[in-house]
Amino acid sequence: MIVDFDGRILTQADPGPGEKIVVGPIDIAALRHERSRRRGHDLLGHIRAEAYTSLYARPIYRPGGRG
């Protein structure tokens, strides 16, 4: 499955057993535009590290807050 930056499915493999190769178009210019537009969106601010204790064995933020 190929999914764009907004979560829209661009293409996906047909159902069934076995390995599949999926090929689809990727609009690089639109992707770069969205990355620059969403630059202020802080993804780490949305991570719930306490829910994944085995993955985040150490704190991912510095003491005293993020940054």
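## Salt bridges, pocket and surface patch

Val3 has a relative accessible area of 41%, so this residue counts as partly exposed. Val3 belongs to strand 1, which covers residues 2-3. Together with Met1 and Ile9, Val3 makes up a nonpolar patch on the surface. The patch has about 300 Å² of accessible area in total. The model is predicted.

**Overall fold**

Along the sequence the order is β-β-α. The chain counts 67 residues, of which 6% are buried.

**Pocket**

The largest pocket has a volume of about 160 Å³. Which residues line the largest pocket? The lining consists of Ile2, Val3, Asp4, Phe5, Leu10, Pro25, Ile26, Asp27 and Leu31. Seven of the lining residues are nonpolar and two are charged. The lining has no polar residues.

**Salt bridges**

How many salt bridges does the structure hold? There are three.

| Pair | N to O distance |
|---|---|
| Arg8 and Asp4 | 2.8 Å |
| Asp6 and Arg8 | 3.9 Å |
| Arg37 and Glu34 | 2.9 Å |

Asp4, Asp6 and Arg8 are linked in a network. Arg8 pairs with Asp4 and also with Asp6. The cut-off for a salt bridge is 4 Å between a side-chain nitrogen and a carboxyl oxygen, so the Asp6 and Arg8 pair at 3.9 Å qualifies.

Asp6 is partly exposed, at 43%. Arg8 is partly exposed too, with a relative accessible area of 47%.

The remaining pair sits in helix 1, which covers residues 28-37. Why are Arg37 and Glu34 separated by about one helical turn? They are three residues apart in that helix. Their side chains meet in a salt bridge, 2.9 Å from N to O. Glu34 is buried, with a relative accessible area of 11%. Arg37 is exposed, at 53% relative accessibility. The cut-off for exposed is over 50%, so Arg37 falls in that class.

Notes:
Residues are numbered from 1 along each chain as its sequence is written. This is a predicted model: local features need pLDDT of at least 70, side-chain atom pairs count only at pLDDT 80 or more; totals for chains, interfaces and linings use all residues. Side-chain values use heavy atoms; hydrogens and water are left out. On a 1 Å grid over the protein atoms alone, a cavity is a set of points where a 1.4 Å probe fits but cannot get out, and a pocket is an open set with protein on both sides within 12 Å along at least five of seven lines; lining residues have an atom within 4 Å of a point. Grid points are joined across faces, edges and corners, and a volume is the space filled by probe spheres set on the points. Ala, Val, Leu, Ile, Met, Phe, Trp, Tyr, Cys and Pro count as nonpolar, Asp, Glu, Lys and Arg as charged, and the others, Gly among them, as polar. Patches are made of residues with over 30% relative accessible area and no salt bridge: like charges are joined within 9 Å, nonpolar side chains (Val, Leu, Ile, Met, Phe, Trp, Tyr) within 5 Å. Accessible areas come from the Shrake-Rupley method with a 1.4 Å probe; for residues, only the protein chains shown count as cover. Helices (H or I, at least four residues) and strands (E, at least two) are DSSP runs, numbered from the N terminus. Buried means under 20% relative accessible area, exposed over 50%, partly exposed in between (1.4 Å probe, protein chains only).
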